[in-house]
Structure formats: C-alpha cells, structure tokens
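Let's take a friendly walk through a protein fold together. Have the sequence and the 3D view ready, and follow along step by step.

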Amino acid sequence: MRIVFLGPPGVGKGTQAIRLARALGIVHLSTGDMLRQAAADKTPLGLQTQAYLSAGKLVPDDVMLELVRERLDKEDCSGGYLLDGFPRTLVQARSLDAMLTNGGTPLSAVVDLQLEVEALVRRLVARGREDDRPEVIRERLDQYKRQTAPLSDYYRERGLLHVVDGGGTPDAVFQRIRAEIDRIAPR
Ligand code: AMP
C-alpha cells in the first residue's frame, strides 16, 4: 500500500505512522526525520534547510520534491510506503500525484488525523522538542492551517481521504486507523 498521513503538529502523527507502517510491513518515510538527520549530519541539504526547521517554516517545494523523488525511487519503496509529513502543500500534492501516476503506482489512501487546537498545543509543549518552543509551535500550527489543511479537500475530492479522530490514548487512535485501513484492504 502507498499511504499518506496528514495531521497537524502534535496530533501524534509520527507515532501512529511508525506503528501502522510496521503493521502493514511497509517503509515509514518521515520527511521531518530526514531533514533533522541531514541537519545533524551537516550535509548540504541539512545546511540548506536547517533555518526553516528552526523557525517552523516550510522548506521550499522544489527541495522537498527532489528529496522525496529520490527516496521513493529506492528499491525498498517498491513494496509500499507510508509518507509522514509529505505532502504539505498543494504544489507538493499535485507533483506527487503526477510522479505516482506516471509510474503507475497511485496512492492507496490518505489518513487525516484530527484534533482540536488546545489539545495539540498541550501535546507539543509536553513533547519539548527543539522546534516545540511556544513561538515556533504557533508558527507551525499556522503554516499547517494555511498550507496543509487544504490537502484534506484535495484528497477528499479524489476519494482517498479517511478522517480519523486523534483524541484519546495512542492505542485507541491506532485501532481507529486500523479499522479505516481494513475497510480498503481487509486483512
Ligand atoms: P515534521 O517532523 O513533519 O513536523 O517536520 C519538521 C519540519 O520539517 C517542518 O516544520 C518543516 O520545517 C520541515 N518539513 C518537513 N516536511 C516538509 C514538507 N513536506 N514540506 C516542507 N517542509 C517540511
């Protein structure tokens, strides 16, 4: 399966994405993790993008598209993958579509985790990562609302969207996601 995970910062997207990818036996691809690793390794990509991450701003689309294109071309992705944190803009979503349609490997489903903003902020503050400082949290939530939330409509129009309530324990959320995926591809 080829799955995209959508959801605002703090919704628990990363945790759930890892768990679902493991359950389905597909590769988990987090563009945020890839960029944080590149920054830690001080690669050209890391040096080029670090300032965006620290400010909670989105990395430019052309940089992201190149990164994802290269990664999806790798052999391990041929058995399916779960994209966590990409696409984040309509430009990225359309380009991904074109890329996958050309390759005859369209997306199977888009999981959209949702939670009210107060709960998101609480979870982010509790997590305490470097880019979870209050002013950066505000910026990331704002970027999400403006740039990424429209992707829900984009994928709904294409019949791919599965909205899942991100509230409650991680186990409860995972059961909901699993139930949605089972409806597309029964075990
Ligand atoms: P995440 O761990 O998914 O929240 O991503 C952390 C940061 O990486 C984001 O705040 C952005 O600065 C950057 N980033 C990750 N994925 C993307 C993307 N698809 N487009 C633009 N920026 C991204």
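On a 1 Å grid over the protein atoms alone, a pocket is an open set of points where a 1.4 Å probe fits, with protein on both sides within 12 Å along at least five of seven lines, and its lining residues have an atom within 4 Å of a point. This is a predicted model, where local features need pLDDT of at least 70 and side-chain atom pairs count only at pLDDT 80 or more, while totals for chains, interfaces and linings use all residues. Residues are numbered from 1 along each chain as its sequence is written, and side-chain values use heavy atoms, leaving out hydrogens and water.

With that in hand, look at the second largest pocket, lined by Arg2, Arg69, Leu72, Asp73, Cys77, Ser78, Tyr81, Met99, Leu100 and Thr105. The space in this pocket is about 180 Å³, a volume filled by probe spheres set on the grid points, which are joined across faces, edges and corners. Helices α4 and α5 (90-102) each give at least two residues to its lining; helices (H or I, at least four residues) and strands (E, at least two) are DSSP runs, numbered from the N terminus.

Now turn to the largest pocket, which holds about 830 Å³ of space. Its lining has 41 residues, and Lys13, Arg36, Arg88, Arg129 and Arg140 lie nearest its centre. Which helix supplies the largest share of this lining? Helix α2 does, with five residues.

Next, find the sheet. It is open, with five strands in the order β2-β3-β1-β4-β5 and parallel pairing; two strands pair if DSSP finds at least two bridges between them. At the edges sit β2 (27-30) and β5 (161-165), each pairing on one side only. Strand β1 (residues 2-6) runs parallel to β4 (residues 109-114), and four bridges join them. Leu6, for instance, has Asp112 as its bridge partner in β4.

Helix α2 packs on this sheet and touches β2 and β3 (81-84), where contact means heavy atoms within 4.5 Å.

Finally, α2 (residues 31-40) also packs with α4 (residues 61-72), at an angle of about 100 degrees and with axes 12 Å apart. Axes are lines fitted to C-alpha atoms, for helices over the stretch in contact, and angles run from 0 to 180 degrees between N-to-C directions. The angle therefore makes α2 roughly perpendicular to α4, a label for 65 to 115 degrees. Thr31, Met34 and Leu35 of α2 meet Met64, Leu67, Val68 and Arg71 of α4 in this contact.

Technical notes:
Parallel < 35°, antiparallel > 145°, perpendicular 65-115°, else oblique.
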